[in-house]
Amino acid sequence: MKRIFSGAQPTGNLHLGNYLGAIRNWVTLQQDFSDCVFCVVDQHAITLWQDPKELHRSIRELAAAYIAAGIDPRKSILFNQSAVPGHAQLAWVFNCVARIGWMNRMTQFKDKAGKNRENASVGLYVYPTLMAADILLYKATHVPVGEDQKQHLELTRDIAIKFNNDFGVDLFPVPEPLILGEATRVMSLRDGTKKMSKSDPSDYSRINLADDADAIAQKIRKARTDPDPLPEVVAGLANRPEADNLVTIFAALKGISKAAALADVGGQSFAVFKGMLTDLLVSELAPVSAEWRRLVADPAYIDSVLRDGAERASVLARPILDEVYDTVGFLRP
């Protein structure tokens with residue numbers, strides 16, 4: 001049996017990087033795999049402080065984005081993480097399996113905690129064990145991940161192997177990463193060396209899912225470039241991060257490689273290329289954005305989808321958690 005698990009944090013300002021780097025790929029996987037579990041990872045979100053009212057809204061907005069992009073909640077399981085207690089319960093078991101040395105090597109904690117590491121939450125430090133629990137609670141075999149999450153998936157694999165070895169069982173599969181498409185890492189429109197981010201103070205750094213055609217056109221016009229025309233081969237993008245980023249986005253939208261994209265647009269000025277890119281973005285995102293806005297305006301429907309998804313996820317998770325508890329030696333009266 002092959003099972004997909006993936007999720008994203010509900011922290012507002014859904015953008016092109018979320019869509020191309022994750023959500024659109026999940027829609028493709030939903031067509032290729034019959035067993036898919038997609039999660040709004042709200043427990044991960046609170047590893048950094050969140051305004052409760054904003055988090056409440058963001059959970060619904062992210063679920064709406066999944067559906068608007070093409071995730072079918074009748075075919076796949078779609079729910080928010082905190083609605084299934086097994087995530088937190090299995091995470092505690094994994095906290096006792098993972099080693100401190102493993103956690104100290106996690107680069108994302110260092111990046112997110114910054115210089116004020118002593119004031120970071122314990123939750124942020126053990127975030128990777130919760131991610132491992134998210135995946136292994138459903139015995140997922142394949143996990144679509146971006147480059148920045150590969151290290152956490154390696155930790156998940158280590159935890160699965162160590163748990164099986166410690167208890168002499170073959171309970172957990174060792175999940176495989178799926179890294180798909182050209183746009184696994186979409187960069188800022190204002191600085192091609194930085195990842196496109198919800199937290200960037202400049203709204204011109206990203207294309208938001210809620211942006212209309214005029215906003216998209218303006219942001220692409222203002223996107224940073226360099227004075228040279230586009231190269232005709234991929235090697236010509238070296239040391240040109242902004243050009244590389246825009247070509248990556250163009251290629252991902254067309255579903256082709258960067259080499260194939262440059263065969264079409266190589267030699268063009270950025271003025272011409274930006275017009276082509278704007279047209280592609282608007283044609284791809286306009287129907288998704290319209291459907292997203294319609295869904296956000298119907299919170300009762302979103303809540304019903306999440307409630308049904310949590311019930312279906314619990315049916316999968318409960319016997320696996322029972323198996324873990326029996327293996328560890330917990331008494332279940």
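How many aromatic pairs does the structure hold? The answer is ten, and a few of them turn up in the close-ups below, all taken from a predicted model.

**View 1. Phe-5 and Tyr-138 make a stacked pair.** The two ring centres are 5.8 Å apart, with 10° between the planes. Phe-5 belongs to strand β1 (residues 4-8), while Tyr-138 sits in the loop between α8 (127-136) and β4 (142-144), so this pair ties together parts that are 133 residues apart in sequence. Buried or exposed, Phe-5 and Tyr-138? Both are buried.

**View 2. Tyr-138 also pairs with Phe-79.** Here the centres lie 6.1 Å apart and the planes meet at 65°, so this one counts as edge-to-face. Phe-79 comes from strand β3 (residues 77-80) and Tyr-138 from that loop between α8 and β4, which makes this a link between distant parts of the chain, 59 residues apart.

**View 3. Four Phe rings gather in one aromatic cluster.** The members are Phe-94, Phe-163, Phe-167 and Phe-172.

**View 4. A lysine sits over a tyrosine ring.** The charged end of Lys-222 is 5.9 Å from the centre of the Tyr-204 ring.

**View 5. The largest nonpolar core has 61 residues.** Leu-16, Tyr-66, Ile-249, Phe-273, Leu-277 and Leu-281 have the most contacts inside this core. Which element gives the largest share? That would be α3, with ten residues. The core also draws on both domain 1 (4-184 + 299-328) and domain 2 (203-294), taking at least three residues from each. Apart from this core lies another one, of 41 residues, including Cys-39, Val-41, Phe-172 and Ala-310.

**View 6. Here are the contacts of Tyr-66.** Setting aside neighbours within four places in sequence, Tyr-66 touches Gly-7, Ala-8, Ile-23, Trp-26, Phe-38, Cys-39, Val-40, Ile-71 and Leu-78.

**View 7. Residues 10-18 carry a UniProt label.** The unreviewed UniProt entry places the feature "short sequence motif: 'HIGH' region" on this stretch. In the model, the end C-alpha atoms of residues 10-18 lie 11 Å apart, and the span is 33% helix and 0% strand.

Definitions and conventions: Residues are numbered from 1 along each chain as its sequence is written. This is a predicted model: local features need pLDDT of at least 70, side-chain atom pairs count only at pLDDT 80 or more; totals for chains, interfaces and linings use all residues. Side-chain values use heavy atoms; hydrogens and water are left out. A nonpolar core is a set of buried Ala, Val, Leu, Ile, Met, Phe, Trp, Tyr and Cys residues joined through side-chain atoms within 4.5 Å. Buried means under 20% relative accessible area, exposed over 50%, partly exposed in between (1.4 Å probe, protein chains only). Helices (H or I, at least four residues) and strands (E, at least two) are DSSP runs, numbered from the N terminus. Domain bounds come from an automatic or database domain assignment. Contact means heavy atoms within 4.5 Å. Rings of Phe, Tyr and Trp (its six-membered ring) pair if their centres lie within 6.5 Å; planes under 30 degrees apart count as stacked, over 60 as edge-to-face and the rest as tilted. A charge sits over a ring if NZ of Lys or CZ of Arg is within 6 Å of the ring centre and within 35 degrees of the ring normal. UniProt positions are given in the numbering used here, feature names are shortened, and annotations may be inferred rather than shown by experiment.
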